[in-house]
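Dear colleague,

Here is the model for you to look over.

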Amino acid sequence: MIKAPNIILVGPMGAGKTTIGRLLSHSLGREFYDSDRIIEENAGADIPWIFEKEGEDGFRKRETHALECMLHNQDCVVLATGGGIVMREENRELLSNSDALVVYLYASVSQQLHRTSKSNHRPLLQTSDPKATLNALFKVRDPLYREVATLVVETDSRHPKSVANKALEAIKRHLKSENKAQNANVNG
Ligand SMILES: Nc1ncnc2c1ncn2[C@@H]1O[C@H](COP(=O)(O)OP(=O)(O)OP(=O)(O)O)[C@@H](O)[C@H]1O
Ligand SMILES: O=C(O)C1=C[C@@H](O)[C@@H](O)[C@H](O)C1
Ligand SMILES: [Mg+2]
């Protein structure tokens with residue numbers, strides 16, 4: 001049993017936040033939430049509908065509200081976020097100022113493209129050149145994911161179960177070193 005506050009997964013579309021988050025929550029015996037699902041449940045509509053009717057800005061407002069509610073009301077859960085959660089400074093501050101352990105699931109643009117190609121549920125990728133879109137988003141967002149993340153876990157060429165195990169090991173190592181540092185402060 002590991003003792004950690006909320007574990008929050010960030011990263012681009014297709015990094016596997018939803019898939020790995022669910023696996024991690026099973027391994028840890030924790031509840032699993034996904035900000036995209038919370039937004040859809042609150043709106044009573046799916047993400048493409050929200051983008052169509054309210055624009056990206058309307059979606060981002062809903063996303064901030066979902067993140068605030070999660071951080072305020074939940075402890076010791078696993079939360080998968082949407083790929084654009086880091087776009088608002090407000091959200092980055094919420095993440096950085098919380099005691100959550102934020103894990104950046106890294107995926108190369110070619111893997112993102114491959115993993116997102118089977119679904120048309122992502123409005124930002126309904127373009128004539130999704131690869132160019134993913135590249136442009138990655139340029140802006142990769143530094144922002146790194147800014148809020150405590151840990152970075154590489155996901156390319158790894159089966160989801162192997163990514164989840166790798167994330168779990170990285171989380172355990174991080175908590176162990178944090179405990180050691182705290183003990184040193186108390187005893188030193
Ligand atoms: N490590 C992996 N190897 C191969 N396929 C993967 C891996 N991780 C996820 N996938 C597959 O990629 C697709 C997208 O994964 P998922 O929905 O978990 O991504 P996401 O990061 O939550 O994306 P979004 O930001 O759009 O919510 C799914 O079909 C999933 O099965
Ligand atoms: O990367 C993004 O901006 C998005 C990712 C998805 O998870 C959804 O949150 C939505 O499709 C927008
Ligand atoms: Mg997801």
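An oxygen atom of ligand 1 lies 2.9 Å from an N or O atom in the side chain of threonine 18. A polar backbone atom of glycine 14 is 3.1 Å from an oxygen atom of ligand 1. For alanine 15, the distance from a polar backbone atom to a ligand 1 oxygen is 3.4 Å. A polar contact here is a pair of N or O atoms within 3.5 Å; within protein, one must be able to donate a hydrogen and the other to accept it, and residues adjacent in sequence count only if both atoms are side-chain atoms. On its own, ligand 1 has 640 Å² of accessible area, and the protein covers 75% of that. Areas are Shrake-Rupley values with a 1.4 Å probe; for residues, only the protein chains shown count as cover.

Some ground rules. This is a predicted model, in which local features need pLDDT of at least 70 and side-chain atom pairs count only at pLDDT 80 or more, while totals for chains, interfaces and linings use all residues. Residues are numbered from 1 along each chain as its sequence is written, chains are lettered from A and ligands numbered from 1 in the order written, and side-chain values use heavy atoms, with hydrogens and water left out.

Back to the shell of ligand 1. It has 17 residues, of which Lys17, Thr18, Thr19, Arg122 and Arg158 come nearest. "Near" means a heavy atom within 4 Å of the molecule or strand. Helices H1 (17-28) and H7 (160-187) each supply at least two shell residues. H1 gives the most, with three. Helices are DSSP runs (H or I, at least four residues), strands likewise (E, at least two), numbered from the N terminus. By class, the shell has five nonpolar, seven polar and five charged residues. Ala, Val, Leu, Ile, Met, Phe, Trp, Tyr, Cys and Pro count as nonpolar, Asp, Glu, Lys and Arg as charged, and the others, Gly among them, as polar.

Now ligand 2. Its surroundings include Met13, Ile47, Phe59, Arg60, Pro123 and Leu124. The side chain of aspartate 36 puts an N or O atom 2.6 Å from a ligand 2 oxygen. A polar side-chain atom of arginine 141 is 2.6 Å from an oxygen of ligand 2.

The largest pocket holds about 580 Å³. Of its 30 lining residues, Met13, Gly14, Lys17, Asp36 and Arg122 are closest to the centre. H3 gives the most to this lining, five residues.

The largest cavity has a volume of about 40 Å³. Volumes are the space filled by probe spheres set on the points, which are joined across faces, edges and corners. Its lining includes Pro12, Met13, Gln112 and Arg141. Helix H6 (residues 130-148) gives the most here, with five residues.

Best wishes

Notes
1 Å grid on protein atoms, 1.4 Å probe; cavity = no way out; pocket = protein on both sides within 12 Å on 5 of 7 lines; lining within 4 Å.
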